[in-house]
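Please prepare a short briefing on the fold and side-chain contacts of this protein model. Lead with the helix packing, then group the rest by topic.

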Amino acid sequence: MNRGVFIKRWSASAAVIVVLTAFFLTLLHLEAPSAHAKAAAPVVNAGTYGSGALGSWQANNRVISSSAEVRHVVASDGVVLFGDSIAVQDGAALGRLLGQQLGTSFAQYSWAGQPASAAVDAMAVWSREYGLPRRIVMAVGSNDIFDPPAFAAQVERALRIAGPQRTVYWVDVQVSRTDEPTTVQVADQRNSEWINLQLEQAALRHPNLRIVHWAEFLAERPDRLHTDLRDGRHTTVPEGQNARNALILQAIRPN
């Protein structure tokens, strides 16, 4: 990708955050007084980047394929997914969609609350124990809004583990938690865009990194923030789930 294309993408990304931030502020202005009172509640600790801190997630819900399933997917050159809570909810539906549309096998390691670093750790373990197929979906990054500068190193780590002969499909991030005060929602949006810009920069260095443009899809029509998201982060079912999984399928589908 040349510099001109990157500048255009950066400009488009900057426009996304401006449009979405204005949209969130408008919604807050139109909310009922009780909602305003909740939004104005003080933040205990906004952290360095305004979104707070990543809490303990190890006891959260998870969906992890068995060793036999992973070995089958690697042997049949299917698709593996490493994801967070959105994937815990949506991963099984994605697997069915991939099977129906592409006839491919599917395995996942999805854990609610995990940041990119933990997902890449799991990817490294699977690589050592089972190997990896040619197509890897990374659906993590939403929990990296608490420490955006750490994200780029995890993308590089994932690409090193995958190697140049595999394709990594990384779903970009849209977070602005509607149950948080206005200042936190704006910080979430800013940090989401920070993560997405790091993905764009990584794609300049790695031709086998393909970005699934979830945030841009939502920004194309601001009403999708209501129809496709239920809390400013997680997808609605079935609308948001279907839309996000369709974008992943579209990225993976051979041209």
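α6 passes α7 in a right-handed crossing (a crossing is right-handed if the near helix is turned clockwise from the far one by less than a right angle, and left-handed if anticlockwise). The axes of α6 and α7 come within 9 Å and cross at roughly 35°; axes are lines fitted to C-alpha atoms, for helices over the stretch in contact, and angles run from 0 to 180 degrees between N-to-C directions. The model is predicted: local features need pLDDT of at least 70, side-chain atom pairs count only at pLDDT 80 or more, and totals for chains, interfaces and linings use all residues. Residues are numbered from 1 along each chain as its sequence is written, and side-chain values use heavy atoms, with hydrogens and water left out.

**Helix α6 and helix α7**

- In α6, F151, A152, V155 and E156 meet I195, Q198, L199, A202 and R205 of α7; contact means heavy atoms within 4.5 Å.
- The residues of this contact divide into six nonpolar, one polar and two charged (Ala, Val, Leu, Ile, Met, Phe, Trp, Tyr, Cys and Pro count as nonpolar, Asp, Glu, Lys and Arg as charged, and the others, Gly among them, as polar).
- Helices (H or I, at least four residues) and strands (E, at least two) are DSSP runs, numbered from the N terminus.
- Q154 lies in helix α6, residues 151–162, and is buried at a relative accessible area of 14%; buried means under 20%, exposed over 50% and partly exposed in between, with a 1.4 Å probe and protein chains only.
- Leaving out residues up to four places away in sequence, Q154 touches A116, S117, V120 and W170.

**The sheet**

- Six strands form an open sheet of mixed pairing, in the order β1-β3-β2-β4-β5-β6; two strands pair if DSSP finds at least two bridges between them.
- At the edges are β1 (62–64) and β6 (209–212), each of which pairs on one side only.
- Strand β5 (residues 167–171) runs parallel to β6 and is joined to it by four bridges, with R210 in β6 as the bridge partner of Y169.
- Helix α4 (residues 85–102) packs on the sheet and touches β1, β2 and β3 (106–111), its direction making about 170° with that of β3.
- Helix α7 (residues 182–205) lies across β5 and β6, at about 150° to β6.

**Aromatic residues**

- The structure holds nine aromatic pairs; rings of Phe, Tyr and Trp (its six-membered ring) pair if their centres lie within 6.5 Å, and planes under 30 degrees apart count as stacked, over 60 as edge-to-face and the rest as tilted.
- Y49 and W194 form an edge-to-face pair, 5.5 Å centre to centre with 80° between the planes.
- This pair links Y49, in the loop between α2 (33–39) and β1, to W194 in helix α7, 145 residues apart.
- Both partners are partly exposed, Y49 at 24% relative accessibility and W194 at 34%.
- A cluster of W57, F82, Y109, W111, W126 and Y130 is linked by ring pairs.
- W126 sits in helix α5, residues 116–129, and is buried at 5% relative accessibility.

**Backbone exceptions**

- Most residues other than glycine have a negative phi, and most peptide bonds are trans.
- The V237 to P238 peptide bond is cis, with omega near 10°.
- D77 is not a glycine, yet has a positive phi of about 55°.
- D77 is in the loop between α3 (67–75) and β2 (79–83) and is partly exposed at 22% relative accessibility.
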